Amino acid sequence: MSGQGPAPEKPIRLDRMNESGPLERLYRVQQFDLELDRLHDEELRVPDGLREAREEQERVNNDLEDAEIELEGVERSIRQLESDLASTRDQIARARSEQEKNAFDPKAQTQYQNRIQQLEDRVTETDEGLAPLYERRTTLEGRRGALRGQHGTLRPRIADLEQQDEARVEGLRAQGEGARREREEMVSALDSRLVKEYELIRRSKKGLGIVPVEAGRCTGCNMQLPVTVQQRVATGRLPAVKCPSCGRFLVKL
Ligand SMILES: [Zn+2]
């Protein structure tokens, strides 16, 4: 008998029964991938307390900004009206001194009197315009003070929560490091083209690249598999068999 012929049947070795084939190992790679996906999703899930505190901070910041913008506008209007008021009062003072200089002229007296009356009416109007602005300014200043207070209270609370969250993320990343190392080790023992194709399928299917066959069905898409496909999957050998319906690699566990 030449060395090229089929190897004689060997007795089944129990230790070999536990050795897994490439597809079973690929399936375990996927379990690491799913774990890494889960850790990644968890990392993105910001705790409610922090999310709410950030939202509150944003609301306070927006309200503070609104109050400051409005206050600026109110102060601008006040400055404008106060300057009008000062100039009207100057005009009144000048008109009065002119009136005194022309004390002998009754016609000029009447003219000055009318002029002064007009200016005084303008002072009254301006005062009336200023009153609600002063009131609004007081309200806005109070509001700004309260919001600054809230902002000051929130800041250390958020810093605390952010720090807790950093620790949380670091913990998840440390967990991920372990899974990633084990995955790499497992992948290094597998055919790189098989792994690459699995990764492509997994990406296109958004989750699973290899799925077990159970009761003759693909557990990825639930299709009843033809018996020939089931038989090829059962050998556990390469080339890997894909589900004719969803295109995922199939494995018999
Ligand atoms: Zn399928």
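The protein is divided into domain 1, comprising 20–42 + 189–251, and domain 2, comprising 45–174; these bounds come from an automatic or database domain assignment. The model is predicted: local features need pLDDT of at least 70, side-chain atom pairs count only at pLDDT 80 or more, and totals for chains, interfaces and linings use all residues. Residues are numbered from 1 along each chain as its sequence is written.

The overall form may be considered first. The C-alpha centres of domain 1 and domain 2 lie 67 Å apart. Along the principal axes, the C-alpha atoms of the protein fill a box of roughly 150 × 35 × 30 Å. The radius of gyration is 42 Å, whereas a compact globule of 253 residues would have one near 18 Å; the radius is taken over C-alpha atoms, and the globule rule is 2.2 Å times the number of residues to the power 0.38. Buried residues make up 13% of the 253 residues, a residue being buried if 20 or more other C-beta atoms lie within 10 Å of its own, exposed if 12 or fewer, and partly exposed in between, with C-beta atoms placed from the backbone.

The protein has six helices and three strands, which follow the pattern α-α-α-α-α-β-β-α-β along the sequence. Helices (H or I, at least four residues) and strands (E, at least two) are DSSP runs, numbered from the N terminus.

The three strands form an open sheet of mixed pairing in the order β2-β1-β3; two strands pair if DSSP finds at least two bridges between them. The edge strands, each pairing on one side only, are β2 (217–218) and β3. β1 and β3 run parallel and are joined by three bridges; in β3, Leu-250 is the bridge partner of Val-211. β1 and β2, by contrast, run antiparallel and are joined by two bridges, with Val-213 standing opposite Cys-218 in β2. These two strands form a hairpin with two residues between them, and Ala-215 in the turn has a positive phi of about 50°.

At 1.5 Å times one less than its number of residues, the 23 residues of α2 should span 33 Å, which agrees with the 33 Å between its end C-alpha atoms. Its buried residues are Leu-23, Leu-26, Tyr-27, Val-29, Gln-30, Phe-32 and Asp-33. They pack against α4 (106–188), α5, β1 and β3.

The largest nonpolar core has 20 residues, of which Leu-23, Leu-26, Ile-210, Phe-249, Leu-250 and Val-251 touch the most other members. The elements giving two or more residues to this core are α2 (22–44), α5 (192–205), β1 (210–214) and β3 (249–251), and α2 gives the most, with five residues. Such a core is a set of buried Ala, Val, Leu, Ile, Met, Phe, Trp, Tyr and Cys residues joined through C-beta atoms within 7 Å. Not counting residues up to four places away in sequence, Leu-26 touches Leu-190, Leu-194, Tyr-198, Ile-210 and Phe-249; two residues are in contact if their C-beta atoms, placed from the backbone, lie within 7 Å. A second, separate core of five residues includes Val-60, Ala-67, Leu-140 and Leu-147.
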